[in-house]
Amino acid sequence: LKLIHTVRRLYQGSSTALKTRAKQDLGRRISTAFKLLKDRYTVKDTSGDTDGNEGEGVVRFPQDVQDLIVKVEAYQAALDKWGLRDYQLQHTHLQLSYSKLVYVFLHGFLLMSLASLPSLLLNFPVGAAA
């Protein structure tokens, strides 16, 4: 189920906001497609069972589908490990040039130093008296 939800979120993308009914419909369609794919590639297991039951079906997807499942599961595992959601990764290919990186750092440093001046001026007499 988690795999289906992850595929739906990746397919939908973060730029489109679907209503609840459309989101459920998309999830239902992906789930149905996955069930059909699973039924198509299920092979009966003929290994001997000791209790006389027939062997359960073993799903053998094509290699490209297996690779896709592994990648989606790894993506979801990485999100779970870092405690992130999909919408927090909107800019995954964000690359800053060196000059832009220096500008952002200096701008942040300037703002922090300007914001700390009132605190330093107001707290200096207390610190000097102590």
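This is a predicted model: local features need pLDDT of at least 70, side-chain atom pairs count only at pLDDT 80 or more; totals for chains, interfaces and linings use all residues.
**A guided look at strands, helices and a pocket**

Visitor: With which residues is Val43 in contact, leaving aside its neighbours within four places in sequence?
Guide: Val43 lies in strand S1, made of residues 42–44, and with a relative accessibility of 35% it counts as partly exposed. Val43 and Glu56 are 13 residues apart in sequence, and their C-alpha atoms are 8.6 Å apart in space. Once the neighbours within four places are set aside, the contacts of Val43 are Glu56, Gly57, Val58 and Arg60.

Visitor: What pattern does the protein chain follow when it is read along the sequence?
Guide: The secondary structure of the protein chain comes to four helices and two strands. Read along the sequence, these elements follow the pattern α-α-β-β-α-α.

Visitor: What is the distance between the end C-alpha atoms of helix H2?
Guide: Helix H2 runs over residues 20–40, which makes 21 residues, and at 1.5 Å a residue it should span 30 Å. The distance in the model agrees with that expectation, for the end C-alpha atoms of H2 are apart by 30 Å.

Visitor: Within what arc do the buried residues of H2 fall, seen down its axis?
Guide: The buried residues of H2 are Leu26, Gly27, Ile30 and Ser31. Because an α-helix has 3.6 residues a turn, residues three or four places apart point the same way. Seen down the axis of H2, its buried residues line one face of the helix, since they fall within an arc of 130 degrees.

Visitor: Which residues are exposed on the other side of H2, and which helix is included in what covers its buried residues?
Guide: On that other side, Arg21, Arg28, Arg29, Lys35, Leu36, Asp39 and Arg40 are exposed. What covers the buried residues of H2, in turn, includes helix H1.

Visitor: Against which helices do the buried residues of H1 pack?
Guide: In H1, the buried residues are Leu3, Ile4, Thr6, Arg8 and Gln12. These buried residues of H1 pack against H2 and H3.

Visitor: Is Gln76 buried or exposed, and with which residues is Gln76 in contact beyond its neighbours within four places in sequence?
Guide: Gln76 has its place in helix H3, and its relative accessible area is 10%, so it is buried. Leaving aside the neighbours within four places in sequence, the contacts of Gln76 are Lys2, Thr6 and Arg9.

Visitor: How many nonpolar residues does the lining of the second largest pocket have?
Guide: The second largest pocket has a volume of about 240 Å³, and H1, H2 and helix H3 each supply at least two residues of its lining. Among the residues that line this pocket are Leu3, Ile30, Phe34 and Val72. By class, the lining has no polar and no charged residues, and its nonpolar residues number twelve.

Visitor: What percentage of the residues of the protein chain count as buried?
Guide: A residue counts as buried when its relative accessible area is under 20%. Of the 130 residues of the protein chain, the share that count as buried is 13%.

Terms used: Residues are numbered from 1 along each chain as its sequence is written. Side-chain values use heavy atoms; hydrogens and water are left out. The expected span of a helix is 1.5 Å times one less than its number of residues. Buried means under 20% relative accessible area, exposed over 50%, partly exposed in between (1.4 Å probe, protein chains only). The arc is that of the directions from the helix axis to the C-beta atoms. Contact means heavy atoms within 4.5 Å. On a 1 Å grid over the protein atoms alone, a cavity is a set of points where a 1.4 Å probe fits but cannot get out, and a pocket is an open set with protein on both sides within 12 Å along at least five of seven lines; lining residues have an atom within 4 Å of a point. Grid points are joined across faces, edges and corners, and a volume is the space filled by probe spheres set on the points. Ala, Val, Leu, Ile, Met, Phe, Trp, Tyr, Cys and Pro count as nonpolar, Asp, Glu, Lys and Arg as charged, and the others, Gly among them, as polar.
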